[in-house]
Amino acid sequence: MDLSTLSVAQLRDLQQRIPAELKRRESQEKAAALNEARALIKARLGCTLEELLGKDGKIKASAGGKVRVKYRHPQDASLEWTGRGRKPKWVEAWLANGGGLDSLMV
């Protein structure tokens with residue numbers, strides 16, 4: 001489209017129609033993408049998008065349960081660590097005193 005051939009009135013008319021057309025097309029593209037996502041979820045997981053997201057709109061992860069303890073203090077069995085996250089102070093103290101993580105493994 002050669003804009004240089006349009007009059008000022010035609011350009012203003014075009015300028016007013018563009019936002020509405022953009023909004024309409026974006027809405028169509030979002031609807032198409034949502035339908036594709038629904039089809040993919042149904043094909044891969046056998047459930048609907050709504051079932052996957054749940055009532056609050058957040059993806060439901062499978063309940064993994066409690067993480068297994070990987071390390072335990074040899075003298076105090078109440079001091080446990082899964083090996084995830086920061087090392088507890090008792091592990092840091094154990095390592096500072098020359099102990100190794102292998103000796104704490106369950």
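The side chains of Arg 17 and Asp 13 meet in a salt bridge, with N and O 3.5 Å apart. The term salt bridge stands here for a side-chain nitrogen of Lys or Arg within 4 Å of a carboxyl oxygen of Asp or Glu. Arg 17 and Asp 13 are 4 residues apart in helix 1, so about one helical turn separates them. Helices (H or I, at least four residues) and strands (E, at least two) are DSSP runs, numbered from the N terminus. Asp 13 counts as partly exposed because its relative accessibility is 38%; the cut-offs are under 20% relative accessible area for buried, over 50% for exposed, and partly exposed in between (1.4 Å probe, protein chains only).

A word on the model before we go on: it is predicted, local features need pLDDT of at least 70, side-chain atom pairs count only at pLDDT 80 or more, and totals for chains, interfaces and linings use all residues. Residues are numbered from 1 along each chain as its sequence is written, and side-chain values use heavy atoms, with hydrogens and water left out.

**Salt bridges**

By the rule above, the count comes to 5 salt bridges.

| Pair | Closest N to O distance |
|---|---|
| Glu 50 and Arg 38 | 2.7 Å |
| Glu 80 and Arg 72 | 2.7 Å |

What does the pair of Glu 50 and Arg 38 tie together? Glu 50 lies in helix 2 (residues 49–53) and Arg 38 in helix 1, so the pair joins parts that are 12 residues apart in sequence. From C-alpha to C-alpha, Arg 38 and Glu 50 are 8.9 Å apart. Leaving aside neighbours within four places in sequence, Arg 38 is in contact (heavy atoms within 4.5 Å) with Leu 49 and Glu 50. Glu 50 is partly exposed at 44% relative accessible area, and Arg 38 is partly exposed at 31%.

The structure holds 1 aromatic pair. Rings of Phe, Tyr and Trp (its six-membered ring) pair if their centres lie within 6.5 Å; planes under 30 degrees apart count as stacked, over 60 as edge-to-face and the rest as tilted. Tyr 71 and Trp 81 have ring centres 5.2 Å apart and planes at 25 degrees, so the pair is stacked. The pair links distant parts of the chain, with Tyr 71 in strand 1 and Trp 81 in strand 2, 10 residues apart. Tyr 71 is buried at 9% relative accessibility, and Trp 81 is buried at 9% as well.

Where is His 73 found? His 73 sits in the loop between strand 1 (71–72) and strand 2 (80–81). With a relative accessible area of 16%, His 73 is buried. Not counting residues up to four places away in sequence, His 73 touches Leu 79, Trp 90, Trp 94 and Leu 104. A polar atom of the His 73 side chain also lies 3.3 Å from the backbone nitrogen of Asp 76.

**The segment before helix 1**

Finally, Met 1 lies in the segment before helix 1 (8–45). Met 1 is exposed, with a relative accessible area of 80%.

Note on methods. A polar contact is a pair of N or O atoms within 3.5 Å; within protein, one must be able to donate a hydrogen and the other to accept it, and residues adjacent in sequence count only if both atoms are side-chain atoms.
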